[in-house]
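Reader: I would like to learn how to read charged pairs in a model. Please take me through some of them.

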Amino acid sequence: MQRRVTEFCERFGLRLPILEAPMAGACPPELAIAVAEAGGMGADGVVLDPPERITAWVERFRAGSAGALQLNIWIPGPPVDAPDRLRAAEDYLAGFGAPGEPGPAGPVFAEQCEAMLDAAPTVISSIMGLFEPEYVERMHARGIAWFACATTLEDALAAQEAGADAIVAQGMEAGGHRGTFDPAAAEHTNVGLFALLPHLVDRLRVPVVAAGGIADGRGVAAALALGASAVQVGTALLRSPEAGIDETWASALVELPPEQTVPTRAYSGRLGRAVPTQYVTAWARPEAPAPAPYPDQRRLVGQWRRGGATGVDRVNQWAGQGAALARQAPAGTIVQEMWETARALLAQ
């Protein structure tokens, strides 16, 4: 185990095997800098960012740290044409208040990919699918590693064969979006991390990074003992001052029991684990329609937020099942203390 972890850290320029989860909308450069300066890997989720924003974010990060960095993006799926679901979602959202103006078109995936290559991070990671072979070749030619998120062995093996340098094993405990390749299967992909992890480790050639519900040193130690080479944490960092998330969201994480976090499509149309806000639970009522497909639901929610609809959450309040363990402390302190606790436990 010690050799496995050491080799991973040396390969990716880390002093400790803890990666910040690339949480779109909740990864300011200050948070990534704090994690990287503590010896881990900083991160940003760029699914919503145009190329110029990706470039500016990386410049701000590098002004504060020369440490390891991961940029993450969603692999776009085929468009879903569901006009009936779209109209039903619009009608239901009308009950929360008035919509605002439609927003601008989303960023172009190909342009985002070029911006990530130009930024030359340590790692470019994917979720919900695989990069095209030509892009993987270009990534590797520039010395950039590819980490692929997977929630099943089938997806992990496909990523390994496509050239992934590491697999991020995402358990169902994870906050935010579930990385299942098939969006329709997300509700049925309910494997917990500590069942998924050895299942993948025993069958893969590449290193595995454990993600989902890890929020203190005990979780780090357990994941490494089960074969992970590193861990990725997100919710554990959200109450840090560097994260700077909406206060309503941060307060909702305090002592939030694992069983009260809920999987929902209410924010984006893709399944993710969140705080059970009134808005989220409203979409689980028997009379509620199915949310519109991604990205239509995300677009609609943005439009209703711009209209100031009081019944719609101001931000997506994602939460992993380890939310109650999240502490109000500097991100660097959280990461360092996680690793110190894990090392002590593993040495016993």
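Reader: Is glutamate 114 buried, partly exposed or exposed?

Author: Buried means under 20% relative accessible area, exposed over 50%, and partly exposed in between (1.4 Å probe, protein chains only). Glutamate 114 has 32% relative accessibility, so it counts as partly exposed. This is a predicted model, in which local features need pLDDT of at least 70, side-chain atom pairs count only at pLDDT 80 or more, and totals for chains, interfaces and linings use all residues. Residues are numbered from 1 along each chain as its sequence is written, and side-chain values use heavy atoms, with hydrogens and water left out.

Reader: Which side chain meets that of glutamate 114 in a salt bridge?

Author: Side chains of opposite charge can pair when their charged atoms come close. A salt bridge is a side-chain nitrogen of Lys or Arg within 4 Å of a carboxyl oxygen of Asp or Glu. Here the partner is arginine 138, at 2.6 Å, N to O. The pair links distant parts of the chain, 24 residues apart: glutamate 114 is in helix α5 (residues 109-119) and arginine 138 in helix α6 (residues 133-141). Helices (H or I, at least four residues) are DSSP runs, numbered from the N terminus. Arginine 138 is partly exposed, at 24%. Glu134 is linked with Glu114 and Arg138 in a network of salt bridges.

Reader: How many salt bridges does the structure hold?

Author: There are 13. Among them is the bridge between arginine 53 and aspartate 49, at 3.2 Å, N to O.

Reader: Is aspartate 49 buried or exposed?

Author: Aspartate 49 is buried, with 10% relative accessibility, whereas arginine 53 is partly exposed at 46%.

Technical notes: Helices (H or I, at least four residues) and strands (E, at least two) are DSSP runs, numbered from the N terminus.
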